[in-house]
Amino acid sequence: MTLVAYQPLLTGSYTRPDRPFERRYAHPTAYVRYEALRGAARDLGVTPNQVVLAWLLHHNVIPLFGASSLEQLEEALAAVELQLDADLVDQLDNA
Ligand SMILES: NC(=O)c1ccc[n+]([C@@H]2O[C@H](COP(=O)([O-])OP(=O)(O)OC[C@H]3O[C@@H](n4cnc5c(N)ncnc54)[C@H](OP(=O)(O)O)[C@@H]3O)[C@@H](O)[C@H]2O)c1
């Protein structure tokens, strides 16, 4: 079975202050996961969006993302080349 993730970038909320997370994501564990995501992005020198997309691809989930500019498209496509090592995947899975 192939799993497709709709709206994997949460319409830009991972990186855009003008696009706050929807209230339905504001549960107690969300902040921990968000910090793990931001830490991973910082360590890898990439964006949180790219880590999200790479993590989904690592787990064979197809991310159905949207892009409304060439810059956004290029950022997303670069995630295809981003390899997450096993330790980092464990950290993200366990966050
Ligand atoms: N069938 C369903 O139930 C269902 C539900 C949800 C979604 N979908 C489908 O899933 C697809 C994806 O949905 P979506 O477009 O809402 O998903 P998304 O990938 O979470 O959000 C895309 C939006 O995020 C912003 N964005 C993209 N790349 C960015 C970047 N690098 N930095 C900052 N912001 C960035 C852009 O907003 P701006 O345009 O404002 O810049 C873009 O339009 C669509 O085809 C949608 O129809 C289906």
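The N-terminal end of helix H4 is capped by aspartate 85, of which a side-chain oxygen lies 3.2 Å from the backbone nitrogen of aspartate 87. Polar contacts are pairs of N or O atoms within 3.5 Å; within protein, one atom must be able to donate a hydrogen and the other to accept it, and residues adjacent in sequence count only if both atoms are side-chain atoms. The model is predicted, with local features requiring pLDDT of at least 70 and side-chain atom pairs counted only at pLDDT 80 or more, while totals for chains, interfaces and linings use all residues. Residues are numbered from 1 along each chain as its sequence is written, and side-chain values use heavy atoms, with hydrogens and water left out.

Helix H4 comprises residues 86-94, and Leu88, Val89 and Leu92 are buried in this helix. These residues lie on the same side of H4 because they cover an arc of only 100° around the axis, the arc being that of the directions from the helix axis to the C-beta atoms. On the other side of H4, Ala86, Asp87, Gln91 and Asn94 are exposed. Buried denotes under 20% relative accessible area, exposed over 50%, and partly exposed the range in between (1.4 Å probe, protein chains only). Helices (H or I, at least four residues) and strands (E, at least two) are DSSP runs, numbered from the N terminus. The buried residues of H4 pack against helix H1 (30-44) and helix H2 (48-58).

Two packed helices are described by the angle between their axes and the distance between the axes. For H2 and H4, the packing angle is about 100° and the axes are 11 Å apart. The two helices are therefore roughly perpendicular to each other. The H2 side of the contact consists of Val51, Trp55 and His58, and the H4 side of Val89, Leu92 and Asp93; contact means heavy atoms within 4.5 Å. By class, this contact of H2 with H4 has 4 nonpolar, 1 polar and 1 charged residues. Ala, Val, Leu, Ile, Met, Phe, Trp, Tyr, Cys and Pro count as nonpolar, Asp, Glu, Lys and Arg as charged, and the others, Gly among them, as polar.

The axes of H1 and H2 come within 8 Å and cross at roughly 100°. H1 and H2 are therefore also roughly perpendicular to each other. Leu37, Ala40, Ala41 and Leu44 of H1 make this contact with Pro48, Val51 and Val52 of H2. The residues of the contact of H1 with H2 divide into 7 nonpolar, no polar and no charged. Axes are lines fitted to C-alpha atoms, for helices over the stretch in contact, and angles run from 0 to 180 degrees between N-to-C directions. Angles under 35 degrees count as roughly parallel, over 145 as roughly antiparallel, 65 to 115 as roughly perpendicular and the rest as oblique.

Individual residues of H2 were also examined. Asparagine 49 lies in this helix and counts as buried at 9% relative accessibility. Its side chain is joined to that of glutamate 75 by a polar contact of 3.2 Å. Apart from residues up to four places away in sequence, asparagine 49 touches Leu9, Tyr14, Thr15 and Glu75. Glutamine 50, likewise found in H2, counts as buried at 10% relative accessibility. With residues up to four places away again not counted, glutamine 50 touches Glu75, Ala78, Ala79 and Leu82. Leucine 56 is found in H2 and is buried at 11% relative accessibility. Under the exclusion of residues up to four places away, leucine 56 touches Ala5, Pro8, Val61 and Pro63. The C-alpha atoms of leucine 56 and valine 4, which are 52 residues apart along the chain, are separated by 9.3 Å.

Leucine 73 lies in helix H3 (residues 70-78) and is partly exposed, with a relative accessible area of 33%. Neighbours within four places in sequence left aside, leucine 73 is in contact with Phe65 and Ala67.

Positive phi values occur in two loop residues other than glycine. Phi of leucine 10 is near 50°, and this residue lies in the loop between strand S1 (3-6) and H1. Leucine 10 is buried, with a relative accessible area of 15%. Phi of asparagine 60 is near 60°, and asparagine 60 is found in the loop between H2 and strand S2 (61-64). Asparagine 60 is exposed, with a relative accessible area of 64%.
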